[in-house]
Amino acid sequence: MNYKESIKNALHKFKTIWKTGKIQRNTRITYGVVWNVTLFFLIVGFIGFFFVGGIGAGYFASLVKDEKILDYETMAQDIYDYAETSRMYFANNVYFGELSADIHRDETTLDQIEPLLLKAVIATEDEHFNEHKGVVPKAILRAVYQEVSSSATQTGGSTLTQQLIKNQILTNEVSFERKAKEILLALRLERFFEKDEILEAYLNIVPYGRDSSGRNIAGVQTAANGIFGIDASEVNLAQAAYLAGLPQSPSAYTPFTGGGGLKGEDGIQPGLNRMKTVLNRMYDMEYITKEQYEEALNYNLVEDFKEEEESPFERYPILTAEIETRAEKILFDYFVEEGGHTAQDIKARPELKEEYENMASRALRINGYEIHTTIDKDLYDAFQKVAKEYQHYGPDTITNLKTANGEIQEKQYVQAAGVMIENSTGKIISFLGSRQYSLEDQLNYTKRVRSIGSTMKPLLAYGPALEEGLIHPGTPIADIPLFVKSGGGSSEIRNVDLRHHGLMSAKEHLAFSFNVPAVRTYLRMMDENPVDKYLNKMGITTIEEDEYTHPSLAIGGTTRGITLEETANAFSTIANNGKFIDAYIIEKITTKDGETIYEHKADPVEVFSPQTSYLLIDMMRDVISKGTGTYLNSQLKYQNVDWAGKTGTSQNVENVHFFGSNPNITMGTWLGYEHPDSLECKSCDLYHSNRNMKLWAELVNAASDINPELVAPSQNFQQPDGIVSRSYCALSGMLPSELCEKAGLVKTGLFNAKFVPTEKDNSLTTGTHIKVNGQSVSAGPDTPGEFTNGNGLMFTPEYLQKFGIDKLSNPALMLPANGDRSKWENIGMPGGSAASSNTISNDNKAPASPTSVKASGNKLTWNASGSKDVVGYRIYEAKEPGSKFSRVGSTASTEYSIGKKNAVYYVKAVDYFGDESKESNTVIVGETPEPEEKTTNADEKSEEKQESKETKKDKKDGASKDDKKETDKKKDADDKED
């Protein structure tokens, strides 16, 4: 049977069976069974789906049942409430960095971001971003399945919207509850916000690892700048793909280490691999062409990574810390006021104070403020450079420090600080916080309290005394021994040189920084509380009340001390016509939206009158021109600047200061150790005060090079109205008298017209006096009249009492240690005072003979007697050797003119009490004949006896003449009274 026949037979059999109906019956039975089974599973599956879905929906509902339904305003506030770093600016809007924060972020907008970067982010993080309504169900189910099955592959299911919700409204907690809330809020967010708003917010909050300085960064603008050094609008395709890949694992993909600088090759590679993945996705989604894709793959991105960069705190550690401290204080006051509280509330409630301090600190780090300062960047950089290169700080020292565990020794190096303030505004233009000798050396010494030594004198002694009219610059003040109350006893005020300098003007005393006159001046007004009346008004707040009555406060004797900034501020008050303007650094603070929440406003306080201020300035000019600050002149690069200043050295030479002002600025510097120790140095090439002045000069020179108009102005201090020039007597400071003019002690000086003296000097009178040991004193009853001056000038007892010099044990102490001394020496001390004749005791001994008598031409000269009470010398002459000597003259000096004679001479000294010394050596002048015969001893004795009688007669005659003069003088006085 062939193949065709076989098929034909099979079909015939099928037809036969079909006709019987057997096949139909079997098919219907099978179909029914299959249908019933299928229907059963469909029903079970359908019921199961709704059951599981119901359970899921119920579970979802239970997870979000406590979640509040957020309105638009609340969600907007939440998603835009991301921390943004506060920025700092030098003067003139010069940006210099961001304040320290946990994470650094700078806000931007979509129009400031390269479009390729936007596409890279969408391709990488959410390819359906433009189509979905906040969530992608398929992605969620996949993520749930992977989570439940503990799959090794976790692809995630979050859209950009969900990531925004997670970062800004929820937390990073891994739980179904948090995920359910995230989904609910994402759906709601998409109802309120446009896609561009969501994308922009996401790009501003997403973390991007670290920048080149090692800081944690967030936001695409911060990332572009911190990683590549460019704005987000300037990135190329490779850079865009790299940035877009970072958020998946910022710490793993960032190219920089936590300490700053690039990772090694292995550390960089994961980020580069991630970049390639991003580029591939962009190509798959047709965001870029094949050519762009291949070009970006071959791009050397490593070369674009930013070089390691110091953070603002690393570059400007002290300045950054100072700005942060001052800004926090400003914000603290701002929030306290906004909260409706007063200073009394804060003082009474410590917990409230702490709350607002925390609020200010947090706001400063997350609110993105812009903080504008007064600091000139160029001047500030120059100050730091000068300090690092300065070579004359002085030696390191070993200091014994007391600790809780006993005494230890610590090696220290000399520290330094400086501050420059604009007089008219109070702006701190620049400052030097420390030497920055090491990384640990970050203390701001301009804010550390230190004893300011003699720089206190113009602020607390002379300035207030001028203002009160107690003194004028020419007022004489006695620099003689002074004892003041101290504890239960007394202590002596001493000058640095341990000497006294007599009656000198206030101006001279300040120039040479003598302590005693400053304390005497302060004592005259101490009961009027000049600390509160003047010092506190100049911003000095560290003086305790129990220090007010310490006389040594006038010379810087403080318990705690005063800061360099406060002291410079006080000197700038003097330079600003007596008006105090509080020094400041923060010019203004604005929000990221441009709203000004703080702007500095000056509040001038009048401390001194313009007249007092100018007189002080003129007095302090002498400090530099001829006083303790003269070294400065050799160090200043810019001459002819009108500087006025004051030096200051604290006790034990632990601190040295110098403050100088010109019409524009005041500059102060300080040297010392962190833990006070002596700055004295025998091996140093410069004196400690000069080391500080040299640093001051180098800082000022550097600043003058940069801004000569500000720091080295050509104009001088302007003399205000009310300043007059008048003549006065240097003895009393009063108007000159005829006797003062006769003494040659009339001077001319500046006065506050309000306090020009109206009384004439009454310090002098005429009388008989004599010089003893260089000091004029009253003649005694036995004093030889030939040496006295019957019409000489003498001090009045009232004058000596007024200046406290009537009880001096040594009259020479009242003589000024300057060029006027020779004139003062010609003025006699009155009888009856402790400085008069009764201080010269009679030892009943003849004075010592003069020695080395010589003849030269027509003049005899000799060495003075060694006795202290000698008033003059008598000259004796003989015609030839061996002949009788007779007295031919007398003199108070050590020379005598003899004319052209051939003779023999000797000299005798005469003391205050009329006693003569033995004769000196003889000296032959010219050619004298040989003696005809020798005189006997008896003859010599007879001659001496005769001379003695003649001497006593001369004394008597002299006294008679003096009596006659006194009688005539009295008669003249009576005639005048009549």
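Q: Is Glu 338 buried or exposed?
A: Glu 338 is exposed, since its relative accessible area is 57%, and the label exposed applies over 50%. The model is predicted, and this value is computed from its atoms.

Q: Where in the secondary structure is Glu 338 found?
A: Glu 338 belongs to helix α15, which covers residues 317-338.

Q: Which residues form a negative surface patch?
A: A patch joins like charges within 9 Å, and its members have over 30% relative accessible area and no salt bridge. Here the negative patch consists of Glu 107, Glu 337, Glu 338, Asp 593 and Glu 595.

Q: What do the side chains of Arg 326 and Glu 322 form, and at what N to O distance?
A: Arg 326 and Glu 322 meet in a salt bridge at 2.7 Å, N to O. Both residues lie in helix α15, four residues apart, or about one turn of the helix. Arg 326 and Glu 322 are both buried.

Q: What is the N to O distance in the salt bridge of Lys 592 and Glu 84?
A: The side chains of Lys 592 and Glu 84 meet at 3.6 Å, N to O. Lys 592 sits in the loop between β16 (586-590) and β17 (596-599), and Glu 84 in the loop between α3 (72-79) and β1 (87-89), so the pair ties together parts that are 508 residues apart in sequence. As for cover, Lys 592 is partly exposed at 35% relative accessible area, whereas Glu 84 is buried at 8%.

Q: Which residue forms a salt bridge with Glu 786?
A: The partner of Glu 786 is Arg 887, and their closest N and O atoms are 3.9 Å apart. This pair links distant parts of the chain, 101 residues apart: Glu 786 is in the loop between β25 (775-778) and β26 (789-795), and Arg 887 is in strand β31 (residues 886-891). Glu 786 counts as partly exposed at 33% relative accessibility, and Arg 887 is partly exposed with a relative accessible area of 29%.

Q: Which residues are linked in a network of salt bridges?
A: One such network links Lys 507, Asp 618, Arg 621, Asp 622 and Asp 642.

Q: How many disulfides does the structure hold, and how are the cysteines paired?
A: A disulfide requires two cysteine sulfur atoms within 2.5 Å. The structure holds two. With the bonded cysteines numbered in sequence order, the pairing is 1-2, 3-4.

Q: Why is the disulfide of Cys 681 and Cys 684 right-handed?
A: The torsion about its S-S bond is about 95°, so the disulfide of Cys 681 and Cys 684 is right-handed. The sulfur atoms of Cys 681 and Cys 684 are 2.1 Å apart. Cys 681 counts as buried at 18% relative accessibility, while Cys 684 counts as partly exposed at 22%; the label buried applies under 20%.

Q: Which cysteine does a disulfide join to Cys 729?
A: Cys 729 is joined to Cys 740, with an S to S distance of 2.2 Å. The torsion about the S-S bond of Cys 729 and Cys 740 is about 100°, so this disulfide is also right-handed. Cys 729 lies in strand β22 (residues 723-729) and Cys 740 in helix α27 (residues 738-742), so the pair ties together parts that are 11 residues apart in sequence. Cys 729 and Cys 740 are both buried.

Note on methods. Residues are numbered from 1 along each chain as its sequence is written. This is a predicted model: local features need pLDDT of at least 70, side-chain atom pairs count only at pLDDT 80 or more; totals for chains, interfaces and linings use all residues. Side-chain values use heavy atoms; hydrogens and water are left out. Patches are made of residues with over 30% relative accessible area and no salt bridge: like charges are joined within 9 Å, nonpolar side chains (Val, Leu, Ile, Met, Phe, Trp, Tyr) within 5 Å. Accessible areas come from the Shrake-Rupley method with a 1.4 Å probe; for residues, only the protein chains shown count as cover. A salt bridge is a side-chain nitrogen of Lys or Arg within 4 Å of a carboxyl oxygen of Asp or Glu. Lys and Arg count as positive and Asp and Glu as negative; His and the chain ends are not counted. The place of a charge is taken as NZ of Lys, CZ of Arg, CG of Asp or CD of Glu. Helices (H or I, at least four residues) and strands (E, at least two) are DSSP runs, numbered from the N terminus. Buried means under 20% relative accessible area, exposed over 50%, partly exposed in between (1.4 Å probe, protein chains only).
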